[in-house]
Amino acid sequence: MRYGHGGDIYTYRDMLDFSVNVNPLGPPKRVIEAAKRGAELAAAYPDSQCRRLRETLSAKQGLPAENYIFGGGAAELIYTLVLAEKPKRALLPVPAFSEYEQALKTVGCEINYYRTKRENYFCPDEDFLEELRADTDIVFLCSPSNPSGHGIGKDLLRRTVQSCERLDIRLVLDECFSEFLQEPAKYSMLSETEDHRKLFLLRAFTKTYAMPGLRLGYGVSSDLELLERMEQVRQPWSVSVPAQEAGTAALAEDGYVERTRELVGAERRYLETELKKMGIRFIPSDVNYILLETDINLFDEMKDRGILIRDCSNYQGLGKGWYRIAVRTRRENRYLTDALRDIRGNGGF
């Protein structure tokens with residue numbers, strides 16, 4: 001099976017990886033230590049209910065503990081939800097994370113595509129509300145958007161949730177990058193999950209705490225019947241002991257997310273300024289990655305200079321010429337911008 005995501009450091013060895021948008025600070029020390037403690041408990045089965053992690057997250061976010069479901073990364077929960085719901089018709093804004101479409105296809109779901117516009121940063125516009133119809137079973141949205149990194153306005157999100165509630169449409173809102181936003185509360189619908197039964201909110205520890213190798217994601221919903229159906233169709237030990245220990249430790253971190261926002265904000269501004277100077281076309285981002293457009297084969301050009309970036313040509317609605325870069329540390333970002341200048345000086349762009 002062809003791998004269609006970033007982070008393929010196993011095929012492209014010994015390269016500086018800008019293809020995957022994880023926290024440039026790296027995992028907190030206490031997260032690594034907790035994962036090691038979890039590995040020492042390898043002789044025991046994991047807690048299938050993730051009780052300690054569940055209670056810690058519930059206390060931190062102020063939501064009922066029974067409103068959470070955990071999985072081996074957000075991607076697993078996407079497949080689990082689709083298997084539990086078995087939707088017949090879906091509405092999917094594109095470009096979007098490919099696993100939404102892939103999961104829907106596993107149950108033979110008919111997919112209607114809503115093509116977002118470049119001028120709206122590849123986010124749904126007001127006319128998206130007109131696409132919500134009673135014969136639609138499920139809708140996937142991502143805010144901040146992947147791959148553009150732009151947040152969807154909360155007013156539009158609220159009206160979308162209300163329409164889905166009225167039309168009995170399951171709305172899956174992917175907020176996996178929301179904690180990189182400078183003001184997450186201005187965009188997040190986390191607090192709305194208690195009031196809207198059709199809303200399923202998806203998040204992960206993966207990118208925020210730089211722990212994709214441990215695989216830990218969670219969903220939030222007040223539809224307890226949905227959560228029970230999801231539990232029935234997934235295997236009971238999908239979240240390992242090291243992942244549960246690491247997630248619980250991550251939630252105890254003090255100031256780490258705030259330091260992340262400060263670093264990402266400053267480095268994103270640096271990168272966007274440098275891209276403007278070089279005349280490289282890009283979509284302004286709110287988070288820790290930037291979507292670029294160019295006429296040259298930027299993937300190969302950067303690979304030749306020891307840098308791995310994300311080729312976004314396999315995104316439905318984008319195609320050839322689109323690439324994504326992560327926001328990393330200043331030293332690494334300078335290495336990337338130097339490589340871009342070198343390409344420019346050799347006739348690129």
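How many bridges join β3 to β5, and in which sense do the two strands run? Two bridges join β3 to β5, and the strands run parallel; two strands are taken to pair if DSSP finds at least two bridges between them. Helices (H or I, at least four residues) and strands (E, at least two) are DSSP runs, numbered from the N terminus. The model is predicted, so local features need pLDDT of at least 70 and side-chain atom pairs count only at pLDDT 80 or more, while totals for chains, interfaces and linings use all residues. Residues are numbered from 1 along each chain as its sequence is written, and side-chain values use heavy atoms, with hydrogens and water left out.

Strand β5 also pairs with β6, in the parallel sense and over five bridges. Ala90 has Ile138 of β5 as its bridge partner. Five of the five residues of β5 are buried, so the strand is largely enclosed by the rest of the structure; buried means under 20% relative accessible area, exposed over 50%, and partly exposed in between (1.4 Å probe, protein chains only). From β5, Ile138, Phe140 and Cys142 point one way, whereas Val139 and Leu141 point the other way. Strand β6 is likewise mostly covered, with five of its five residues buried. Arg170, Val172 and Asp174 point one way from β6, and Leu171 and Leu173 point the other way.

Helix α4 (residues 98–106) has Glu99, Tyr100, Glu101, Ala103 and Leu104 among its buried residues. The cover over the buried residues of α4 includes α3 (74–85), β3 (89–94), β4 (110–115), β5 (138–142) and β6 (170–174); contact means heavy atoms within 4.5 Å. After α4 comes Gly108, whose phi is positive, near 70 degrees.

Ser19 lies in the loop between β1 (16–17) and α1 (29–39) and is buried, with a relative accessible area of 2%. The side chain of Ser19 is joined to that of Asp17 by a polar contact of 2.5 Å. A polar contact is a pair of N or O atoms within 3.5 Å; within protein, one must be able to donate a hydrogen and the other to accept it, and residues adjacent in sequence count only if both atoms are side-chain atoms. Thr206 is placed in the loop between β7 (199–204) and β8 (217–220), and is buried with a relative accessible area of 7%. Leaving aside residues up to four places away in sequence, Thr206 touches Val22, Met211, Pro212, Arg215 and Leu216. Thr294, in the loop between β10 (289–293) and α9 (298–303), is buried at a relative accessible area of 5%. A polar atom of the Thr294 side chain lies 3.3 Å from the backbone nitrogen of Ile296. Thr294 and Tyr323 are 29 residues apart in sequence, and 8.1 Å apart in space, C-alpha to C-alpha.

A further sheet is open and is formed by four strands in the order β9-β10-β13-β12, with antiparallel pairing. Strands β9 (281–283) and β12 (310–311) stand at its edges, each with a single partner strand, so one side of each is left without a neighbour in the sheet. Strand β12 pairs with β13 (residues 322–326) in the antiparallel sense over two bridges, and Asp311 stands opposite Tyr323 in β13. Helix α8 packs on this sheet and touches β9, β10 and β13; the direction of α8 makes about 15 degrees with that of β10.

Helix α8 (residues 256–277) also packs with helix α10 (residues 330–345), at an angle of about 10 degrees and with the axes 11 Å apart. That makes α8 roughly parallel to α10. Axes are lines fitted to C-alpha atoms, for helices over the stretch in contact, and angles run from 0 to 180 degrees between N-to-C directions. Angles under 35 degrees count as roughly parallel, over 145 as roughly antiparallel, 65 to 115 as roughly perpendicular and the rest as oblique. From α8, the contact is made by Ala266, Glu267, Tyr270, Leu271, Glu274, Leu275 and Lys277. The α10 side consists of Arg330, Asn333, Arg334, Leu336, Thr337, Leu340, Arg341 and Arg344.
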